[in-house]
Amino acid sequence: MSFKIGDLVTRKSYNNDLLFQIIDIDEDIAYLKGVDVRLYADSYLDDLTLVDDSSSTASKDDRKDVDKLQSMLELNRSEYFYLPGKILHIDGDRDYLERCISFYKEMHLEAYGVSLSEEDMALEISKYLEEYKPDIVVITGHDSFKKNKSGKSKSGVYQNSKYFVEATLAARNYEKSQDKLIIIAGACQSNYEELIRAGSNFASSPKRINIHALDPAIIASAVALSPRSKEIDLISLIEKTHFGSAGMGGIITNGMMYVGYPR
């Protein structure tokens with residue numbers, strides 16, 4: 001079977017568990033990007049299975065995420081009016097960024113997207129924080145974690161975690177209070193503990209697993225639509241992400257939405 005750039009495929013050797021798009025082909029090797037998970041991979045062409053266009057399925061799945069998140073929000077629109085928190089989403093992947101921005105629009109949120117390489121995030125983030133003055137900033141993209149031969153972690157095994165940590169530190173230098181600026185940082189298999197130590201309110205990935213493209217946006221949206229006067233139900237929120245506490249974690253925090261009366 002012949003393949004071309006843009007084809008949607010799965011990998012036979014991984015029991016066809018994840019959907020990828022082919023982004024490049026070099027002789028008998030295909031370079032892949034996850035459709036739903038923030039993951040790059042490569043594969044021999046003969047290990048691939050071609051999949052029909054799933055764009056409509058992805059849209060339906062994203063709609064399910066919107067409905068699932070809205071079900072946990074208690075908004076009495078007949079009596080009160082609401083001023084949700086503002087979101088700045090910085091992403092190392094433009095495709096995922098556009099998908100997250102569409103998600104925010106579905107949630108009727110004010111959100112601004114910036115596409116930056118992971119290496120440039122720490123250098124550029126303060127400029128965008130000054131420009132947009134968000135209540136919530138998402139710092140995400142691509143990452144990976146590789147174990148040594150003994151299976152134990154060691155320094156230098158994360159692809160991009162250090163850049164997310166540096167960007168988190170820069171954002172926290174801009175606003176030191178974790179109550180005034182909510183930071184959501186990390187991607188697939190990121191160094192969760194270091195991101196939390198750097199000042200993130202929420203981060204990936206406690207179990208070093210891949211996360212869904214929308215997981216950071218789900219967290220950001222819930223925070224933006226939760227009252228400032230109440231602590232967020234942390235466990236309930238984390239369970240609204242695709243892989244629960246294995247993929248995302250964080251600290252108990254209040255929401256970033258003002259609630260007014262009368263409507």
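Student: Buried means under 20% relative accessible area, exposed over 50%, and partly exposed in between, with a 1.4 Å probe and protein chains only; which residues of α2 are buried?

Tutor: Tyr96, Leu97, Arg99, Cys100, Ile101, Phe103 and Tyr104 are buried in α2, where helices (H or I, at least four residues) and strands (E, at least two) are DSSP runs numbered from the N terminus. The model is predicted, so local features need pLDDT of at least 70 and side-chain atom pairs count only at pLDDT 80 or more, while totals for chains, interfaces and linings use all residues. Residues are numbered from 1 along each chain as its sequence is written, and side-chain values use heavy atoms, leaving out hydrogens and water.

Student: How far does α2 reach from its first C-alpha to its last?

Tutor: Helix α2, residues 94-106, reaches 19 Å with its 13 residues, close to the 18 Å expected at 1.5 Å a residue; the expected span is 1.5 Å times one less than the number of residues.

Student: And what caps its N-terminal end?

Tutor: Aspartate 93 does, with a side-chain oxygen 2.9 Å from the backbone nitrogen of aspartate 95. Histidine 108, which follows α2, has a positive phi near 60 degrees.

Student: Switching to the sheet, what is the strand order?

Tutor: The open sheet of five strands runs β4-β3-β2-β1-β5 with antiparallel pairing, where two strands pair if DSSP finds at least two bridges between them. β4 (40-44) and β5 (48-51) are the edge strands, each pairing on one side only.

Note on methods: Polar contact = N/O pair within 3.5 Å; in protein donor to acceptor, adjacent residues only side chain to side chain.
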